[in-house]
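Let's take a walk through this one together, with an eye on charged side chains and what they link. Have the model open as you read.

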Amino acid sequence: MQRLDKIISEMLNVSRAISKEIIESGYVSIKGLDKKIKANLMLNELDLENIVIDPKYKKILEKDNKKPEISQEVLDSVKVLYEDEYIYIINKPEGIIVESSSTKQNTLVNILKAKGLTLSKGENPSRDGIVHRLDKDTSGALIITKTKESNTFFSNLFKERKIKKKYYAIVKGNPKEERAKIDIPIKRDENNRTKMTLDRSGKNAITSFVVVKRYKEMALLDIEIETGRTHQIRVHMAGINMPILGDEKYGNKKNKYGANRQMLHAHLLEFMHPFKNVLIKVECELPEDFKEVLKNIEQNE
C-alpha cells in the first residue's frame, strides 16, 4: 500500500507538495473508486492501473513559473568536457537533479539554459536536451543533445546499448573476484515506489566490475553497465552485499570516511559518433569530494 500523493509525485516527477495540490484541485481520479480522493489515500498495486490524471494539472505547474536564481558558483561547476554541432558532454556535479517538471528546482537543464547552451527542444521544456540521466548524488559525464535529430539518434544509441558507460564506485566490503558480472533483473519495489529491487520478473540488467584497489573494509571498483535501469549499479551492488559507500537509499549513509553522498562517479563515455563516424571517448576526472574520501580510507588502513 502507498499514499496517493507519493504515487503522483513519482508519476509526474514533481514534489510531494505539488502532487498534493494537484490531487486537492481535483485533477486526479481513480476508476471504480467511490471514495473521496485525498492526498493521503492508500492504494494497492491494482489501483495504480486505474489512476487518471487530467492534463489540466499543468495549470498548477504554470502558476509559479518563476525560475530559481542560479549562482555563478553553480553555473561554473557544470563544465563542458566535449562539444560539437550535435552534442555536449558535460561534467554533472553531485547534488544536482538532471530534470524535473517543478520550476522551483535548480535542475541541470535550467543551469545549462542559464549558461546559454543550445539544447534540443521536446514536448516538455524541462527535459530539453536529455537522452540519459545520472542520479542527483551521482557525479560525472553526461551527454546533452543540441538538435532534435541528434536527440533521436543518441536516444536510440542508448536503447541499442551502443554507448559504453563506466563508473568508479567505492563499495563496502571486498569482492572475492578481481572481476565479475552481475546479471539480475530489476523492477520497482512494490512496497516503496522510490526504490528499485532485484526480481526475476523485472527488466534485464547487467553490471560488470573490475577491482581497481582493495582496502581493509572497502574497495574501489571500475564498473561498466550494459543496461541503464534506474539505480542499477546501486541496486546490484547492494544486492551482493557490497553497497556503495554513502548510499542512504540502498545502504547506510553513516560512515567514518566523510562520504556525504553515494560514492559513484561516471568517469567514461565512449561511442561511435552517429553523424561523424569517428570514435568519441570522453573521460571525466574524479571530483574533489571523491578524492578526499579515498584519502580518508587510505589513512584508516
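This is a predicted model: local features need pLDDT of at least 70, side-chain atom pairs count only at pLDDT 80 or more; totals for chains, interfaces and linings use all residues.

A salt bridge here is a side-chain nitrogen of Lys or Arg within 4 Å of a carboxyl oxygen of Asp or Glu. Let's look at a few.

Asp-5 counts as buried, at 4% relative accessibility, whereas Arg-16 is partly exposed at 37%. The two also belong to a network of salt bridges that includes Arg-3.

Next, find strands β5 (residues 79-83) and β6 (residues 87-92), which pair in the antiparallel sense over four bridges. They make a hairpin with three residues between them, and Tyr-82 stands opposite Ile-89 in β6.

What does Glu-85 form a salt bridge with? Its partner is Lys-276, with the closest N and O atoms 3.3 Å apart. Glu-85 lies in the loop between β5 and β6, and Lys-276 in the loop between β14 (264-272) and β15 (279-283), so the contact ties together parts 191 residues apart in sequence. Both ends are partly exposed: Lys-276 has a relative accessible area of 34% and Glu-85 one of 45%.

One more pair: Glu-99 and Arg-133 form a salt bridge, their closest N and O atoms being 2.9 Å apart. Glu-99 is in the loop between β6 and α6 (108-114) and Arg-133 in the loop between α6 and β7 (139-145), so parts 34 residues apart in sequence are tied together. Glu-99 is buried at 7%, while Arg-133 is partly exposed at 46%.

Methods. Residues are numbered from 1 along each chain as its sequence is written. Side-chain values use heavy atoms; hydrogens and water are left out. Two strands pair if DSSP finds at least two bridges between them. Helices (H or I, at least four residues) and strands (E, at least two) are DSSP runs, numbered from the N terminus. Buried means under 20% relative accessible area, exposed over 50%, partly exposed in between (1.4 Å probe, protein chains only).
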